[in-house]
Amino acid sequence: MTRSSTESSNQLCKPPLFRFAYCETTMKALLNPEHSLSIHIINQRNITRPKLHASLRFVPDLWIRRQCCLTARATLDSATFDQLGIPESDIKNPAVSSSYRSSKLPKPNETVLEAQARVCTGPTQTRPLNEDQAFKVLDTIFRSARGELKDEEEVSKAQLGAFFAAMTIRANAFPEATQWSEGEKRAMNNFWPLLVRVLPPDVIFIADPEGSIMGAGSSVASQYVGNCTSEMRLVGALREILAGGHLGYEEVQGVLRDVLPLKVEDDACSGVSESLLSAFLIGQRMNRETDSELKAYCLAFDDELGPPPVADVRSLTHYGEPYDGNTRFFRSTLFVAAVRSCYGESSLLHGVEWMPPKGGVTEEQMLKFMGANTSLTPLQAKGLLEDDEVGFAYISQHEACPSLYSLIGLREHIKKRPPLATTEKVQQFVRARGKEAIVAGFYHEAYEEPLLMLMKRRGVHSGLVVKGEEGALSMTMRLRSANASKGLPVNYSSGFRSLSMASAFEVDGMSCESFNIEVNAKDYGFEPTDTPRTDRSVSKNIELGLAALRGEKGPAYDRIVLNAGMVDHLLGCDGAEDISLALDRAREAIDSGRALKKLLNYIKISHKVRLLLNGRKSESLKNALACRDEAP
């Protein structure tokens, strides 16, 4: 993905926009419904540009004393924007999930991205382009390759790789209904003789690797081997993928370890071709990954930072929410983790601040907005898990797996989810001395069994997959609609649990119990309700969660209780054999105020644990230097 130097200079020349003028104390707004957090536009000449994500200053004692909820209102007036000549799209509001996208990431071409959404998907989901759409896309690519499109209109290398990989796989391996439409054929026949003159060799290779689809340019494609050792391995793998084939475990891991982390210099990647890498990632997803391929993605970077630390806790549940967040509904897992910690069930959450394609609300955004430290290492997270005042932790992929984190920009330009979107949910950045479990959300039925397979491969004692709203792992309170689509319903859950202290990977089928269930909240005494809408609002999500932890009854409260108690029950946690008792235990954790206090403690102690560890490192360095000076 490239971005011209003029874009960077234009960004520097733009006038600063606004700054956040917080109320007398930000914590009053966060913890008191009567107060609100306001964002004011002030005299443009005196404005200083804020950091993209303005963190809230934390006053821990005040938070714990007040026990109120968050209300954050952005009082940004459209008329004010007009007066200042500022497009509303330029306003960076940390209360909205889309604002967490890094401004350093170049944006993809929207025309081609829309086409990718249609064709970069599976054998039955692909929607071929009609003639007008195909002509428009190929004309855009042609003009971009000739240098006629600049900045955000330019079609990136990653987009070229993903789009042409999809076209090639459809031509070679897809069923007739999702192969090229007549309109696509006519458009390609018209444009390919022009494109072959302006496209780089790696893209020509992706579009017709064996010279059997396009005709013109076949000699370039058939002879292409890449420009370095890493690309040579990648090109060899792509010849198999673009024909609709699959790779072995070692082949996938070899490619990933060769090319990652991506090194970005001056907004462009150095090393491997982005076109080739994006074709590799989307191609494997379109071909529907085998178990071996998924295991390779899942385990490829386990040792990137060395062996994971082991927490001295009796039970640890790893939560694998979709990294790209929620765009519509309340995301409750952070608050569920606070509840479960009250009775000794430790939870480790992991994710990123912002991730395509959805770019929705994530745990990292919520924690950052509330003032927590979101840059914890696995070792620091271990300390929070072991701390009786906290008992849960969050780890960012940025800290735990830099190689995979380096792909975020590329993933936006691929448009559709790559295999990593599945496997990154099944990670163990910290291990436990006691029992371990993994919970993950899914949407497409084809990934139910592969996720459970990966959990067993991880060696945990129990695993659970939930078909939640938006593919998340939280169960909803609403009744199943009579008009629901075919297939597995929302709240369908399946999993396994070991009947001994041995992990599911170590025991035979007789010692590992499998289950599946469609959870109906009404069966457990809950009043059916619709899931609260948050619509990308980080602040609204926090407001709902904190109100529930204060004991305010309603849909958010019930959702947190159901998901804490039901997960405990299905995973076979101690004291949760009776589902009624498990739900009562979760309610008591909230109504007593303990769950809210755990969350507030996390925000406070997440900063202290980092300082403590840094202090220890400084002391160790000081001692080492002293020993060196004393040495003869």
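Tutor: Happy to! Please keep in mind that this is a predicted model. You will find Arg536 in the loop that runs between strand 11 (512-518) and helix 23 (538-549). Look at its backbone too: phi of Arg536 is near 70°, a positive value in a residue other than glycine.

Now turn to Asn491, where phi is near 85°, again positive in a residue that is not glycine. Asn491 sits in the loop between strand 9 (462-466) and strand 10 (492-498). With a relative accessible area of 2%, Asn491 is buried.

Loops also hold cis peptide bonds here. One joins Leu260 and Pro261, with omega about 0°, and Pro261 lies in the loop between helix 12 (249-259) and strand 1 (263-265). Another joins Pro356 and Pro357, with omega about 5°. Pro357 belongs to the loop between strand 5 (346-351) and helix 16.

That brings us to helix 16 (residues 363-370), whose axis comes within 9 Å of the axis of helix 15 (residues 333-341), crossing at roughly 75°. The two helices are therefore roughly perpendicular to each other. Helix 15 contributes Thr333, Leu334 and Phe335 to the contact, while helix 16 brings Glu363, Met366, Leu367 and Met370. Among the residues of this contact, five are nonpolar, one is polar and one is charged.

Definitions and conventions: Residues numbered from 1 in each chain as written. Predicted model: local features only at pLDDT ≥ 70, side-chain atom pairs only at ≥ 80, totals over all residues. Heavy atoms only, no water. Axes fitted to C-alpha atoms, helices over the stretch in contact; angles between N-to-C directions. Helix = DSSP H or I, 4+ residues; strand = E, 2+ residues; numbered from the N terminus. Parallel < 35°, antiparallel > 145°, perpendicular 65-115°, else oblique. Contact = heavy atoms within 4.5 Å. Nonpolar A, V, L, I, M, F, W, Y, C, P; charged D, E, K, R; others polar. Buried < 20%, exposed > 50% of the residue type's maximum accessible area, 1.4 Å probe, protein only.
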